[in-house]
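I opened my notebook for a friendly look around this structure. Here are my entries, in the order I made them.

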Amino acid sequence: MPAVVVTNHGSDVPDFEGKITIYVIICVFIAAFGGLMFGYDIGISGGVTSMDDFLKKFFMNVYEKKKHVHENNYCKYNDALLQLFTSSLYIAALLASFVASRLCTKMGRKPTMQIASIFFMVGVGLQAGGINIVMIVCGRIMLGIGVGFANQAVPLFLSELAPAKMRGALNICFQLFITIGILAAGIINYFTSKVHPHGWRISLGLAIVPAVILLIGSFAICETPTSLIERKNLDEGKATLKKIRGTEDVIPEFESILAASEMARQVKNPFSKLMKPSSRPPLIIAILLQVFQQFTGINAIMFYAPVLFQTVGFGSNASLLSTVITGLVNVFSTLVSIYTVDWAGRRILLLEACVQMFLTQTVVGLILLIDLKTTGSLNHVEAVIVVVLVCIFVMGFAWSWGPLGWLIPSETFPLETRTAGFAFAVSSNMLFTFIIAQAFLSMLCRMRAGIFFFFAAWILVMGLFTLFFVPETKGVPIDSMVEKVWKQHWFWKRYMVDADDEEIKEQVHPHVK
């Protein structure tokens, strides 16, 4: 079936000299704390919004509904303000990602991460010290700006720092730290839920730890050679390249980055360049991967895991403990992705996970449809089965759509549109995270068990899209993607035919569109 033969890298892919150095590992470890900030917030918000002390202070209506014995199982947490508390962060992150894109280009990846840390710390202070709903929502917005800046800069930093053969594994450290943040939040929520009346303040306040580590640690790491060379710091760029590759023989890679940088400097408006046909393949892939990542239903489960487990019959503390269990599954499954992504490839992980997630979402939906009525709960055996199925679902997501949703967009854009294109990826992620976060509880209330069939249908669509349209990028140098991936793909190559003509046209007739 020729349609699914996506690329043939062959033996002409450049193989630059270099190895993984201790310094690179240190840089990756520090930068990945940007992911831990994001993951901790994902995990902490769901747990905090299930704590009675927090609900009594800010959302008394939800607290009253929660305590009502005969309240509808699917609707007891449905409250617009409660959803706004969680989802306001993502609109702020969406808007911030475009500002961060320009900062990444003009100032570099490292300063953008430092700015992210500062915004995040301000947001933590507002939330942990919040005395009214305005303060905690303002805190969420500041956190969102920090997340937007970090999610823009960190994946680019990791992809540009890593050698081609290890780029997948090192970039996935961002997602690994997201999962560690979610796990840490689950453990902390489990204990702070017993600290009355300010346990929720401890949970929210501890978010400052990864932000402080990222800010202080950033002074010990380098800027990426790509960013330095792009901003005409050629000597520093070459010296940094030698340092991170652990070899003096960096001329071929340096010249490759230099050529990409020269081409990038000819593009005065990268956002306009993204609208040209030759930029469509990576842009479409980047945006759709983010849309699909959210429509797996993963954030609905991770945001509201405590709510979900309470709905199927667990008590408050038991639900937080169940969240810790899913968090452990998340972390260890992401390690599987780190181990396999650079030899098995991106596509096989995405496709296998679609099958796994489709089956688990469907079975969970069937169990709830048949046995969970509007009042009452599942029996103990059925509740345990739901927890196990959720863990299998999280497992599939964690070694595929979770990390690869960030990896593939960060590695497939040419340098001239890399920060702008990745800004669209980040903003798309935040937009659809916002939509799911804002709508999930209302959808659960109205669709009931049907919500799981809704997400299962999306998983089927994304599996078919991956099968036909997502190319394999393992082992391809980041600045060789156009020639070695997009121009070789059975479908996307039709958009790349005129890429060279576009460049010639712009040079000869710069004002002709």
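I began with Leu206, in the loop between helix 9 (199-205) and helix 10. I noted first that the model is a predicted one. How exposed is Leu206? I found a relative accessibility of 34%, so Leu206 counts as partly exposed, given that this class lies between 20% and 50%.

Next I asked which residues make the nonpolar surface patch of about 410 Å². I listed Val195, Ile202, Leu206, Ile208, Val209 and Ile213. Helix 10 (residues 208-217) gives the largest share of this patch, with three residues.

Then I turned to the backbone. Between His196 and Pro197 I found a cis peptide bond, with omega about 0°. I placed Pro197 in the loop between helix 8 (167-192) and helix 9. I jotted down the background too: most peptide bonds are trans, and most residues other than glycine have a negative phi.

I located Lys232 in the loop between helix 11 (225-230) and helix 12 (234-245).

Last, I looked up a contact across the sequence. Ile91 and Met430 are 339 residues apart in sequence, but I read 6.5 Å between their C-alpha atoms. Ile91 sits in helix 5 (residues 80-106). I put Ile91 down as partly exposed because its relative accessibility is 30%.

Definitions and conventions. Residues are numbered from 1 along each chain as its sequence is written. This is a predicted model: local features need pLDDT of at least 70, side-chain atom pairs count only at pLDDT 80 or more; totals for chains, interfaces and linings use all residues. Side-chain values use heavy atoms; hydrogens and water are left out. Patches are made of residues with over 30% relative accessible area and no salt bridge: like charges are joined within 9 Å, nonpolar side chains (Val, Leu, Ile, Met, Phe, Trp, Tyr) within 5 Å. Accessible areas come from the Shrake-Rupley method with a 1.4 Å probe; for residues, only the protein chains shown count as cover. A salt bridge is a side-chain nitrogen of Lys or Arg within 4 Å of a carboxyl oxygen of Asp or Glu. Helices (H or I, at least four residues) and strands (E, at least two) are DSSP runs, numbered from the N terminus. Buried means under 20% relative accessible area, exposed over 50%, partly exposed in between (1.4 Å probe, protein chains only).
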